[in-house]
Each structure stands twice: as C-alpha cells, then as structure tokens.
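I opened this model to look up a few packing details. My notes follow in the order I took them.

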Amino acid sequence: MATAQGQVVSNRVLTVPNALSFLRLLLVPVFAVLIVQRQDGWALLVLAVSGASDYLDGHLARRWNQVTRLGQVLDPFADRLYILTTLLGLAYRGLVPWWLVVVLVARDLTMVATLPVLARLGHSALPVHFLGKAGTFCLLYAFPLLLLEQVSTTLSLPAGALGWAFALWGTGLYWWAGILYVQQVVQLWRAEHR
C-alpha cells in the first residue's frame, strides 16, 4: 500500500518514528498529573516535547521511508489523547468550559460510531482529511496557549486571546472535517447498496 505521496506503507513495528509516537503516549499520564497538580510550567514543557516529537516522527517517517500502518494509527491516537487529556485537565481546573469538552468528545464519538459501518464495507478507516489535520493542529496549539496564559503574567493576554482563537477555529474545523467524513461513509454505504 502507498501513501498519497507515493511512499510504501510497511507493517514494521520497530522504527524510530514509531518509538517517538510511543514516547508521546508514555508522556500522556505524566502530563495529566502535572496539569492536575497545577505544575503548569512542567506541563507546558511536556506539551512542547510532545509537539516536537509529533512533528519529528512524521518528518522522519517520510524522509527515511519508515511510514508504517502502526504509525498511521499511533500518531493520530496520540494527538487525540493529548487533546482529550489537556481538555479534561483544563476543564477540571475551570480554565475552559465543560461545553467545549462535550462538543469535542461528541465529534470523536461520532467518528467512532462510523467504524462498524466502515468495517462492514471492508474499510478500516478513511484517509484523514486536510480539514481534520488543520482542526487538530489548531487544537494542539490552542491548549498550550491557554496553559501559557496561566504561567506567564507578561504573555497572559495575548496567549489567552490566541489560545481561544485557535480553540474556536479548531473546534469548527474539527466538526467540519467530521461532517465530511460522515458524508464519505454515507456515500460508500449508498454505493455498496445500490
């Protein structure tokens, strides 16, 4: 199987990009503890390391021809887990409203609900849409900025404003991509049942 860029997707497990994805996953509980304990500076550092490794694992996978099926699952899973953990931690601390948690989790649950339909149609998942990547990108920037608002009195105002802008843009793009994804599933279903 090949990616959209023409690279071969392998079944390998032990690759540098996959190791970086595993590292990101291992840092999720560390981040969760730090944010709940109000260790915002350390939590921000863990998010920064995670963000850097997220960029690096994708870059290395493409550059070293180490794109793997496992990596294609691990990378977005780690992104979703960081988004959820950060969102829950910020909501727990009262830094974001619970309605935002509900809206973002509802979108992911909607996507999960399509998996049995896709499985019946012989698909494991559909390709990630650019809007979904853009929404995830915005959310992965929003939450560190909202955390930075708590850490720095000097940067509090611009960090908060940018953080909320990214959060709202990201939420909109996230749902837009979700709607397009559901439409694709419906089209596949209709094509199969004609």
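**Aromatic rings**

I started with Phe 137, which is partly exposed, with a relative accessible area of 44%. I note that the model is a predicted one.

Next I checked Tyr 141. Its relative accessibility is 44%, so I put Tyr 141 down as partly exposed. Phe 137 and Tyr 141 both sit in helix H5, residues 130-151. They are four residues apart there, which means a separation of about one helical turn.

I then looked for ring pairs and found that the structure holds four aromatic pairs. One of them joins Phe 137 and Tyr 141, with ring centres 4.5 Å apart. The planes of Phe 137 and Tyr 141 stand at 45°, so I logged this pair as tilted.

Which ring did I find paired with Tyr 141 at a centre distance of 5.9 Å? That ring belongs to Phe 166. The planes of Tyr 141 and Phe 166 are at 35°, so this pair is tilted. It links distant parts of the chain, 25 residues apart. Tyr 141 is in helix H5, and Phe 166 is in helix H6, residues 156-192.

Is Phe 166 buried or exposed? I read 17% relative accessibility for Phe 166, so it counts as buried. The cut-off for buried is under 20%.

Ring pairs link Phe 137, Tyr 141, Phe 166 and Trp 169.

**Helices H3 and H4**

I turned to helix H3, residues 69-92, and helix H4, residues 98-120. Their axes come within 9 Å and cross at roughly 160°. Angles over 145 degrees count as roughly antiparallel. I therefore recorded H3 and H4 as roughly antiparallel to each other. The crossing of H3 and H4 is left-handed.

I listed the residues where the two helices meet. H3 brings Arg 80, Leu 84, Leu 87, Leu 88, Ala 91 and Tyr 92. H4 brings Trp 98, Leu 100, Val 101, Leu 104, Val 105, Arg 107 and Asp 108. By class, I noted ten nonpolar and three charged residues in the contact of H3 with H4, and no polar ones.

**Asp 79**

My last entry is a residue of helix H3, Asp 79. How much relative accessible area does Asp 79 have? I read 8%, so Asp 79 is buried. I then set aside its neighbours within four places in sequence. With those left out, Asp 79 is in contact with Arg 24, Asp 54, Thr 136 and Leu 140.

Definitions and conventions: Residues are numbered from 1 along each chain as its sequence is written. This is a predicted model: local features need pLDDT of at least 70, side-chain atom pairs count only at pLDDT 80 or more; totals for chains, interfaces and linings use all residues. Side-chain values use heavy atoms; hydrogens and water are left out. Axes are lines fitted to C-alpha atoms, for helices over the stretch in contact, and angles run from 0 to 180 degrees between N-to-C directions. Angles under 35 degrees count as roughly parallel, over 145 as roughly antiparallel, 65 to 115 as roughly perpendicular and the rest as oblique. A crossing is left-handed if the near helix is turned anticlockwise from the far one by less than a right angle, and right-handed if clockwise. Contact means heavy atoms within 4.5 Å. Ala, Val, Leu, Ile, Met, Phe, Trp, Tyr, Cys and Pro count as nonpolar, Asp, Glu, Lys and Arg as charged, and the others, Gly among them, as polar. Buried means under 20% relative accessible area, exposed over 50%, partly exposed in between (1.4 Å probe, protein chains only). Rings of Phe, Tyr and Trp (its six-membered ring) pair if their centres lie within 6.5 Å; planes under 30 degrees apart count as stacked, over 60 as edge-to-face and the rest as tilted.
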